[in-house]
Each structure stands twice: as C-alpha cells, then as structure tokens.
Amino acid sequence: MEETVVGSTSSASNVHEAANDNTNPYRNMVMDAMRMNEGNVSQCPIVEEEPNGDAVRFFDLLKDSDEPLWDGCTNHSKLSAVAHVFTIKSNHGLSEAGYDKIIEWARSILPEGNRLKENFYTVKSMMKPLGLGYQKIDMCPNFCMLYYLENAEMTECMTCGHSRYKPRTGRGKTLVAYKKLRYFPITPRL
C-alpha cells in the first residue's frame, strides 16, 4: 500500500498510519524531531485548511524520508542519503568545500534524475527543521573563558589578557574571533 502524505490538507490520518510503520528509521527520526507520536497524532482534528509553515516542513521531511534517491533505488531515500553524507562530513571534519566536491562527484556517478541535494547549503536547509542547530560562542584561544552572557561584549580575556579577535587585514570590517565554541543545546533534543 502506497501512501501519499504531502499535498493533502487532511493528512493527519496518514501521519497516524505512518507512525505505526517502524520500518523506516528516517521517518521515525522526522516524527521524533517534530514531536509527533502515536498519542498526539490521533488527537489531531482533521480540518480543511492550508497547513502552516511547520506542517509544510514536517510533510516535506516525511516525503524526503520515503522518496527513493532515484527511481528504482531500494537502499536509500533522499533523507537517508543526505543524513549519511552529513554524518561523514561531521565525523571526519570535512570542510563545506570538501563536502560539495564529494556531492558533485557522487551526483556524477548516480543515474540521471537522482534526487541527491546539490551542495552543503541545500542539505543544511533541509536538515534544519530536525532541530540540529547550534550556537557559536567566541572563546579565549588559551581556553580561559567564554565570551558569553555577561562577558559577551568583552574584547580581551579577563584571565590572560589575550585579544578576542584576530588583527584585521586589508579592508575587512568583520571581526573574526581566534576561537569559537559550538554549543549544541541538549534540551530541544530531548
């Protein structure tokens, strides 16, 4: 039985049916990220109206979790392929340019009409609704302090006196910190 979730304004019943399907871990990941489980989906009233932005993103992710990478592909969905390559990038510290080159190469060897995203920017926008964002916080290069909360406006470390920003070169007006911390809040992920 093939179910169509996207494009339906009264798709709460389809989502409820999909919640019972545990064969696709990427569908389950989307359901978890959007905090949709069997209990609260069954309580959703079916109303004929245009879905809001969150609902549209939710249904787009569900569609991506079911849509094969290319016609006839049985190993990967659009979302699973992106998640795997995104994980490789993170685990091995690849730059965005390196990621883009790998995707460019992979797209060249995949069959015509493949649905693999073109670059890191489009993948990042696709994954953003899953709540995997982070906050960048400047820090002292000697690991003395974070420039955060009440210290956010400081320009020198209060412990060692090291400057927060690299010296400007050329005409650049943007201040670049020596070191940044990427903070992944745990509360939204729970």
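L181 lies in strand β2, which spans residues 179–183. Helices (H or I, at least four residues) and strands (E, at least two) are DSSP runs, numbered from the N terminus. L181 is partly exposed, with a relative accessible area of 30%. On the scale used here, buried means under 20% relative accessible area, exposed over 50%, and partly exposed in between (1.4 Å probe, protein chains only). The model is predicted: local features need pLDDT of at least 70, side-chain atom pairs count only at pLDDT 80 or more, and totals for chains, interfaces and linings use all residues. Residues are numbered from 1 along each chain as its sequence is written, and side-chain values use heavy atoms, with hydrogens and water left out.

The secondary structure of the chain comes to seven helices and two strands. From the N terminus on, the order of elements is α-α-α-α-α-α-α-β-β. The chain has 190 residues, of which 29% are buried.

Accessible areas come from the Shrake-Rupley method with a 1.4 Å probe; for residues, only the protein chains shown count as cover. Patches are made of residues with over 30% relative accessible area and no salt bridge; like charges are joined within 9 Å, and nonpolar side chains (Val, Leu, Ile, Met, Phe, Trp, Tyr) within 5 Å.

At 60% relative accessibility, L149 counts as exposed. Its phi is near 55 degrees, a positive value in a residue other than glycine. F143 lies in the loop between β1 (135–139) and β2. Phi of F143 is near 65 degrees, again positive in a residue that is not glycine. F143 is exposed, at 59% relative accessibility. Most residues other than glycine have a negative phi, and most peptide bonds are trans.

A positive surface patch is formed by K124, K128, K136 and R182. Lys and Arg count as positive and Asp and Glu as negative, while His and the chain ends are not counted. The place of a charge is taken as NZ of Lys, CZ of Arg, CG of Asp or CD of Glu. K124 sits in helix α7 (residues 120–127). With a relative accessible area of 42%, K124 is partly exposed.

The structure holds six salt bridges. A salt bridge is a side-chain nitrogen of Lys or Arg within 4 Å of a carboxyl oxygen of Asp or Glu. Side chains of opposite charge can pair when their charged atoms come close. K63 pairs with E67, the closest N and O atoms being 3.8 Å apart. K63 is partly exposed at 38% relative accessibility, whereas E67 is buried at 17%. E67 also forms a salt bridge with K78, with the closest N and O atoms 3.9 Å apart. This pair links distant parts of the chain. K78 is in helix α5 (residues 78–92), and E67 is in the loop between α4 (53–66) and α5, 11 residues apart. K78 is buried, with a relative accessible area of 12%.

R115 and D71 meet in a further salt bridge, at 2.6 Å from N to O. Here too, distant parts of the chain are linked. R115 is in the loop between α6 (96–109) and α7, and D71 is in the loop between α4 and α5, 44 residues apart. R115 is partly exposed, with a relative accessible area of 22%. D71 is exposed, at 60%. Salt bridges that share partners join K63, E67, D71, K78 and R115 into one network.

K101 is found in helix α6. At 54% relative accessibility, K101 counts as exposed. K101 and F120 are 19 residues apart in sequence and 9.8 Å apart in space, C-alpha to C-alpha.

The structure holds zero disulfides. A disulfide is a pair of cysteine sulfur atoms within 2.5 Å. The sulfur of C157 is 3.7 Å from the closest cysteine sulfur, in C160, too far for a bond. C160 is in no disulfide either; the nearest cysteine sulfur, that of C140, is 3.6 Å away. C157 is buried, with a relative accessible area of 5%. C160 counts as partly exposed, at 38% relative accessibility.
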